[in-house]
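Biologist: I'd like to learn how to read contacts in a protein model. Could you walk me through a few?

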Amino acid sequence: MGKLILVTGGTGFIGSHTVVELQQAGFDVVIVDNLSNSKKEVVDNIEKITGVRPKFECFDLANRELTRDFFSRNKNIDAIIHFAAFKAVGESVQKPLEYYRNNLTALMNLLECMKDFNVNNFVFSSSCTVYGQPEKLPVTESTPRRPAESPYGNTKAIAEDIIRDFAFVNPQAKCIALRYFNPIGAHPSSLIGESPVGVPNNLVPYITQTAAGIRKELSVFGNDYNTPDGTPIRDYINVVDLSKAHVVAIDRLINDKNKSNYEYFNIGTGNGYSVMELVNAFMKATGVNLPYKIVGRRAGDIEKIWADTSYANNELGWKAEKSIEETLLSAWNWEKKCRGIK
Ligand code: WQD
């Protein structure tokens, strides 16, 4: 029997890929997800990839009683990876109270259960959005956090503070926040990937849906930024590379390799790509022509951000490996699989 990891949000995009990597590293997994932004068949597809069906329970972690009941029935959890949260930047601007209530209540219910049910290892899904628009690039873990551009981003910053303060008075609890840059791509099996509900907010799913003919053309939100080609720069990281970072973080905590009981790491590639560089890389990698038009800037977008990954590379012994072309091809293969395109 391997160590048992609770993965909240485990039927979601990054959660499902992380469940696969955990199982393939020998861990047992139980998923809790309320399926508000994902489908239960993801569990079937995880089983198809790994041959092992993770345990699955469907309930809302923002419900304190249900969450406590889960922990009272599952006494042998060794660690938690917490993904479950609302994550649409634009929606969070329109529905701030739902975002603060859902994202922060679920977190606090989990932390309270850690204390009351003696679970002492916690990995949190944070985001580079806590840096806002950094003055100096690349971003290191000492780069000061800046006001988030959205309530969604603010829930990540507040969550980090809650975890920090919880760890301070609960020395037995060991916590790591992983600050993701821009997760993209899909599992090479094309059995799991990113499944945005409705019109995609994020760049890569919009690109693949345009390539599949579902969207007429990609709107490039602004080419008048202070960047070489005028379009914003981001650090796009392959979702499988990102998922592997969670396995390394869990190992670090379970085997007491952590240096303090609240640590945080930038999980990116260290390379910045502009929107147009990504569009051109997609066309080159897939051979698909991508119709696009330049339009006005999107409110809330920052100009440029990419990570200095040396701390995660040296301290965690983890490094992103997959190329942007391989990653974009995996996203396209997933889109074609979903749409029945040969
Ligand atoms: C990337 C670039 C857009 C769509 C957000 C969150 C972050 C994480 C990832 C959740 C920007 C441009 C996009 C389009 C475009 N979310 N773009 N046309 O905004 O960097 O990060 O999503 O975990 O926390 O902040 O990602 O993919 O939305 O945008 O031109 O149709 O692509 O302007 O420059 P973003 P994104």
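**Reading a few contacts**

Modeller: Start here: the side chain of Asp 241 reaches the backbone nitrogen of Lys 322 at 2.8 Å. That is a polar contact, meaning a pair of N or O atoms within 3.5 Å; within protein, one must be able to donate a hydrogen and the other to accept it, and residues adjacent in sequence count only if both atoms are side-chain atoms. By the way, this is a predicted model, where local features need pLDDT of at least 70, side-chain atom pairs count only at pLDDT 80 or more, and totals for chains, interfaces and linings use all residues. Residues are numbered from 1 along each chain as its sequence is written, and side-chain values use heavy atoms, leaving out hydrogens and water.

Biologist: Is Asp 241 buried or exposed?

Modeller: Buried means under 20% relative accessible area, exposed over 50%, partly exposed in between (1.4 Å probe, protein chains only). Asp 241 has 2% relative accessibility, so it counts as buried.

Biologist: Which side chain has a polar contact with Thr 8?

Modeller: That's His 82, with 2.6 Å between the pair. Thr 8 is buried too, at 0% relative accessible area.

Biologist: And how many salt bridges does a search of the whole structure find?

Modeller: A salt bridge is a side-chain nitrogen of Lys or Arg within 4 Å of a carboxyl oxygen of Asp or Glu. The search finds 27. One of them joins Arg 68 and Asp 116, with their closest N and O atoms 2.9 Å apart. Arg 68 is partly exposed at 23%, and Asp 116 is partly exposed at 40%.
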